[in-house]
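Please keep the sequence and the structure in view while reading.

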Amino acid sequence: METYYSPDDLVKFAEIGEDAPELWKKFSAWYGEVFQQGALSEREKALIALAVAHAVQCPYCIDAYTQASLEKGSNPEQMMEAVHVAAAIRGGASLVHGVQMRNVEKKLGAI
Amino acid sequence: MNKATENPDCQFNNFDDALKESNLFPLTSTGIEVLQINFGYLCNQTCKHCHVQAGPHRTEIISKETLESCLEILRASEIPTVDITGGAPEMNPHFEWFLKETAALQRQVMVRCNLTILLESKFEHLAQFYADQRVQVIASLPYYSKRFVDTQRGKGVFDRSIQALKKLNTLGFGDETTELLLNLVYNPAGAFLPPSQAGIEADFKRELWQRHGIRFNHLFTITNMPIGRFRDFLVKTGNYESYIQRLIAAYNPQAAAGVMCRYTLSVGWDGSLYDCDFNQILELNCNHGAPDHINEFDFEELRSRQIVTGLHCYGCTAGAGSSCGGTVVE
């Protein structure tokens, strides 16, 4: 194995089901249903998936949902804004923990 | 050397096998409702995805003699629609004469227009001519923003396309209160399938109106065919295999049942007959016993001919399907 991540592995995703077919079947059915048009459009769901893919830094998901977002009609400007939303939440999540830091500093009498 | 190495396309599932699995083999025509005529490969643009690889230096254009033959076919039949394509068909010296003759036969005439040609000094009168002849204009505009359009069709094409659309709007094209139809064609900017036609049409209508005050009737989404310049792009960028696999995975029997080749006859610039404009580029003439040149035209034999298929046919049967009139399945 030369790298941990290979684009060819994405199409092998279904092989996961070989060792636990019932669980895979349930996951596949649920996953498919999640991305159907509902209260949110398929395009909106693909953009959310793209943003989450960046937040969890999954290269398979980024590959799949970049293509899916384009095929649902999003354009590069919209997709980059979605990535910024993910980045803002990740950055904000780190920063807001500064409050905890300050709580500890206060308790220790440092501030 | 094995067979797959000799021809890389051998590795993919044969299109006829897909038809057999959906009980559609052999695929046959159901009549001739559209006579599609390719006026040649001469064009004022050199678009990245052009399947006929048209450009300003191409010399292949349809002759008046072949156009006379097309008129004879129309006079002798009730084919309701004439679909004129190119290149930029407007650059053919017999274009206006042919349009007048066809319009006089009371047929619906559509012209596939690249828009920018309507601004060139030699052709700037054509927008009014289209209005006078009640021609349906089908205009290529792959996106509502400059970036995608200029990348695909050349620098400055978006701004000139907008200018041409405004000119057509001024004449009443795209206005639902007139009968002057202006339809736009979207195709993806790269190696991905088109979005839902209804969804992207709504985006185009909103954005073109808000940004430029432009209106149009309908948007047709078309899948990029893996032939011509687009095939070269796929191979060069390492996308060819995955794109073909994507088309195959998206094969839709309902789309296959409604493909345009079943009701269209395509006439090439040299009078050769094809099941579609894509087969023309691949030099896959009508076959299976049907005439393959306009000089041997036989309506009865052609109206129920067997369609000549190939790997590229997956492009028309993927997802909601693709045709010169947009998606095939609602």
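Contact means heavy atoms within 4.5 Å.

## Basis of the report

This is a predicted model, in which local features need pLDDT of at least 70, side-chain atom pairs count only at pLDDT 80 or more, and totals for chains, interfaces and linings use all residues. Residues are numbered from 1 along each chain as its sequence is written, chains are lettered from A and ligands numbered from 1 in the order in which they are written, and side-chain values use heavy atoms, with hydrogens and water left out.

## Surroundings of Ile37(B)

Leaving aside residues up to four places away in sequence, Ile37(B) touches Ile62(B), Leu67(B), Cys70(B), Val82(B), Asp83(B), Ile84(B), Thr85(B), Phe98(B) and Val267(B).

## Overall form

Chain B contains 14 helices and eight strands; helices (H or I, at least four residues) and strands (E, at least two) are DSSP runs, numbered from the N terminus. Its C-alpha atoms fill a box of roughly 55 × 45 × 40 Å along the principal axes.

Among contacts in chain B between residues at least 6 apart in sequence, 72% link residues at least 24 apart.

## Charges

Lys and Arg count as positive and Asp and Glu as negative, while His and the chain ends are not counted. Each charge is placed at NZ of Lys, CZ of Arg, CG of Asp or CD of Glu. Chain B has 29 positive and 38 negative charges, and their mean positions lie 9 Å apart.

## Surface

The accessible surface of chain B is about 13900 Å², and 47% of this surface belongs to carbon and sulfur atoms. Accessible areas come from the Shrake-Rupley method with a 1.4 Å probe; for residues, only the protein chains shown count as cover.
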